[in-house]
Amino acid sequence: MNIIGRYESKVARWPKTFLIVVVAITIFLSFFASQVEMGGGEEGFQPDTEIAEANSMINERYGEEGDRITVMFVAEDNVLSRESLLAQLELEEQIYREEKITSIMKEENDAVSSPGRLIATAAFINKTAGEIPRERMMRSVSTLSIEDMRTILTGGTLEIDGSNFTFTQFESEMITGFYENPVLAEAFPLQDILEFQLSKDYDQEEQSASKSLMTVAIKSDISEEEALQGEKKLQDLSSEISEGEEGLNLRVLGDAIVSEEIDEASGRNIAILMPIAFIFVIVVLSLMYRSITDTFLNLIALIMAIIWVYGIGVLLGLNLGSPMMTTVPVLIIGLGIDYGIHYTSRYREEIREGKGVNVAITKAGATVGFAILLTTVTTVVGFMSNVISNIETIRHFGILCALGIISAFVLMLTFFPASKKLIDRRRKEKGKDIVKEKKSKRKKKNTVGKKFWAKIGEPESFCEGDRDCVNNGLGLGAIAARMPVKVIIVVLMITSAGIYGGIQLEAEYDFRDFLPEDLEVTETTNMLVEDFNFSQETVYILVEGDITQPEVFRELPRVQAEAMRSEYAVDARAPESPYQIAVSMADEGSPNFDPEFNSTYGSFFEDGEITGDISQENVTSIYEYMVNNREEDTVRVLDQENGEFKGMVLRIPVDTENEDKVNEVKEDMESAAEGFENHDLDRVLVTGGPIVSQSIFQSIQEGQLETLLITFVIALLILMALYFYLGSGPLLGAVTILPLVFVISWTFGTMYFFNIPLNPVTVTIAAITVGLGIDYSIHLTQRFREDTQKIEHPECALCVSTSHTGSALFGSAATTVAGFAILSFAIIPPLAQFGQVSAVSITFAFLAAVFVLPTFLLLWYKYKQG
């Protein structure tokens, strides 16, 4: 008797003890499982690479990039009309009145930016240029109030430094004249900024566009709750203006709102999937078992498995809030139900043969229980192979699924038989039948078996028995095994098509994929990405070490200038760096001009270079002055620890256009940063959002191959070692896993032809296919080994094997496929794609086991017999 049989004999002997232990563990873990909260966002998909680590460190220590809320103005006519621009100024005025918004905003003059403010400012410069000195004019710009800007747009008179300036009522056609003013063009790059804040349909001749953007810069050191409250309040204000302005629709987009929508979508995802999954389980088990008791016990075991996996996940500190984790309960249900079906089928078979409850439980454990153990091991290997991924969410997903499979295995071989022992013993004491006798089949339905046996001349008694229409269909695999050449040719032809499609597959990753398609925030995000040249992408040049070295300080303007010369740099957004802050404080025409700084250090900053004999003490004092007087800006570019400056960041705004250009952007920035590498520094590294996203693509592609190879090799070695130990030889292990090679190519080919990409979720499919798909092959191989010991002719044994395992295999595959198919109802697209692909791959694995594997089993048997 094998280890599972011995374990089951103990369960049958002390069922109450085992039940008490299982229930106690479930109660204990339920406390931790109740603490699971949705919320994981995009961070969990960042790979564990130096580039991603540096990017996370910069966001944490220096402040995140893209700390802004975006308000999109959508007009039926023209967002550059006077009415639309005034609506933007009205919203800005209301923003400054709301404490929930101002408390999270940056304290700077240009915290709010919009075409309304920009055009009013341009009109002011256009009118006053040449009338007052440039320095005074630019300082006056920084003091313009919302009411002043209204006057400029609606027409009226403003007093500036004792002089009156009269403005005519604004019309959009006036913008063209602003572009032609050389003084304005030099002082204020209106055209570049407008192209940045207006939709791609912006017509410069007609001066019209359908959409525009207002941005509100917010602090980086605020809590998620504060950010959400501020963004929600801005939504309310925008809604009020939309209702009051006919033909104008305002949409608010911020990180906190997007994160909340993803979290809520994850919650709704579970709320949709779980009821469907449980209804499915009840229906399937009721049809298969025709027993309320057995259906109920399987259902309870699955619920316990879900509680176990989440409880253990919390204890292990896994990230359970990611949208990807919402698939785990459905997977446990779809996979765990297989164990119950196989165990119950074999248990009933033993009872019908006249065995007692204890013996039937032990025998079921020793036979099908051992096969279940093998499938559990290979399935766990499939999921655990994801732990080598350098993406945290994928690692945790693999661990959680593996825990779920182990939990389901333990419960199905403990809770279920212990409960069955107590229930069936009582039924027997009351004189009731434990299992109803199966109705006999009419022989006329068994046509496949009769024709098969007529060909090989074996008595029909070998093939008669419990066989329904499903078994008859599955028997075709045994018949086809007599024509191995034809089977192999057909399989290779299908596999070639799959390989062709699989080669074309490419990795894709976009945070928008995790937003449900029917949400306004999704529509707004897509409009922002697709309809605007607007880009919040930023590449970081990280410098660590003694950054107060004069030589390093002198390199700053040169590195920054070269980085901004990249064709992908966005001129409409200024870079952020220690040098940029210092220059703005020393420039009399800048709103950030600081007379004291200029008188002390201004001589070092001339003509875009660091000039004069600057010492390390000078650099240190400049940095300290910036920290003391421009702290909010300085902490974003300088890292001061224990009074010493240990690092700095240059933030370069870029527009990578698409992922194909990211490598070119990275090369441009690395080339610019070479100026730092000639000095004694600890590290110079280029990172940032676009580069991290590119590393996610690479991790997806590399990880997919690595996990597949690991799963395949480990499963192969386990099966070869096992069958060698059992006396069948290691070759049988290779034969058993061979159909999975075909299945993987078929699956990737299907993904290509149905336009399903490799993403952080579907990338796990190859390893899962091996881990799950091999289950069917193991069950059939195990049964074939048993039957060849009792039946002389291998063809007959093969047909009997498919007949006896047919219903269980079909039921197992049907429930697993349906379990994955339930994920198609997920409102998060990648999860729905994962369910679809998984269902297809398991279907292929089942078909390969019953129609392809028999051919190779028969060839193996004949080879072994010599």
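Is the crossing in which α32 passes α34 right-handed or left-handed? It is right-handed. A crossing counts as right-handed if the near helix is turned clockwise from the far one by less than a right angle, and left-handed if anticlockwise.

## The model

This is a predicted model, in which local features need pLDDT of at least 70, side-chain atom pairs count only at pLDDT 80 or more, and totals for chains, interfaces and linings use all residues. Residues are numbered from 1 along each chain as its sequence is written, and side-chain values use heavy atoms, with hydrogens and water left out.

## Overall build

The protein has 34 helices and twelve strands. Both are DSSP runs numbered from the N terminus: helices are H or I with at least four residues, strands are E with at least two. Along the principal axes, the C-alpha atoms fill a box of roughly 115 × 60 × 55 Å.

Of the 866 residues, 57% are buried. Buried means under 20% relative accessible area, exposed means over 50%, and partly exposed lies in between, using a 1.4 Å probe and protein chains only. Take the contacts between residues at least 6 apart in sequence: 79% of them join residues at least 24 apart. A contact means heavy atoms within 4.5 Å.

## Helix α32 and its partners

Helix α32 spans residues 765-790. Its axis and that of α34 come within 8 Å and cross at roughly 35°. Axes are lines fitted to C-alpha atoms, for helices over the stretch in contact, and angles run from 0 to 180 degrees between N-to-C directions. The residues of this contact divide into 17 nonpolar, seven polar and no charged. Here Ala, Val, Leu, Ile, Met, Phe, Trp, Tyr, Cys and Pro count as nonpolar, Asp, Glu, Lys and Arg as charged, and the others, Gly among them, as polar.

Helix α17 (residues 368-384) also meets α32: their axes come within 7 Å and cross at roughly 165°. The two helices are therefore roughly antiparallel, a label for angles over 145 degrees; under 35 is roughly parallel, 65 to 115 roughly perpendicular, and the rest oblique. This crossing is right-handed. Contact residues include Phe370 and Phe383 of α17 and Ile768 and His779 of α32. They divide into eleven nonpolar, seven polar and one charged.

## Nonpolar cores

A nonpolar core is a set of buried Ala, Val, Leu, Ile, Met, Phe, Trp, Tyr and Cys residues joined through side-chain atoms within 4.5 Å. The largest has 143 residues, and Phe397, Phe820 and Phe834 have the most contacts inside it. Helix α34 (residues 829-865) gives the most to this core, with 19 residues.

Beyond four places in sequence, the contacts of Phe834 include Phe397, Ile768 and Phe820. Apart from this core lies another of 73 residues, among them Leu86 and Val252.

## Two buried residues

Glu261 sits in helix α13 (residues 255-289). Its relative accessible area is 18%, so Glu261 is buried. Leaving aside neighbours within four places in sequence, Glu261 is in contact with Leu519 and Val521.

Ile160 lies in strand β3 (residues 156-160). Its relative accessibility is 10%, so Ile160 is buried. Not counting residues up to four places away, Ile160 touches Phe124, Ile132, Ser140 and Phe165.

## Two positive phi values

Most residues other than glycine have a negative phi. Asn642 has a positive phi, near 55°. It lies in the loop between β10 (638-641) and β11 (644-653). Asn642 is exposed, at 75% relative accessible area.

Asn755 has a positive phi of about 60°. Asn755 is in the loop between α31 (730-753) and α32. With a relative accessible area of 69%, Asn755 is exposed.
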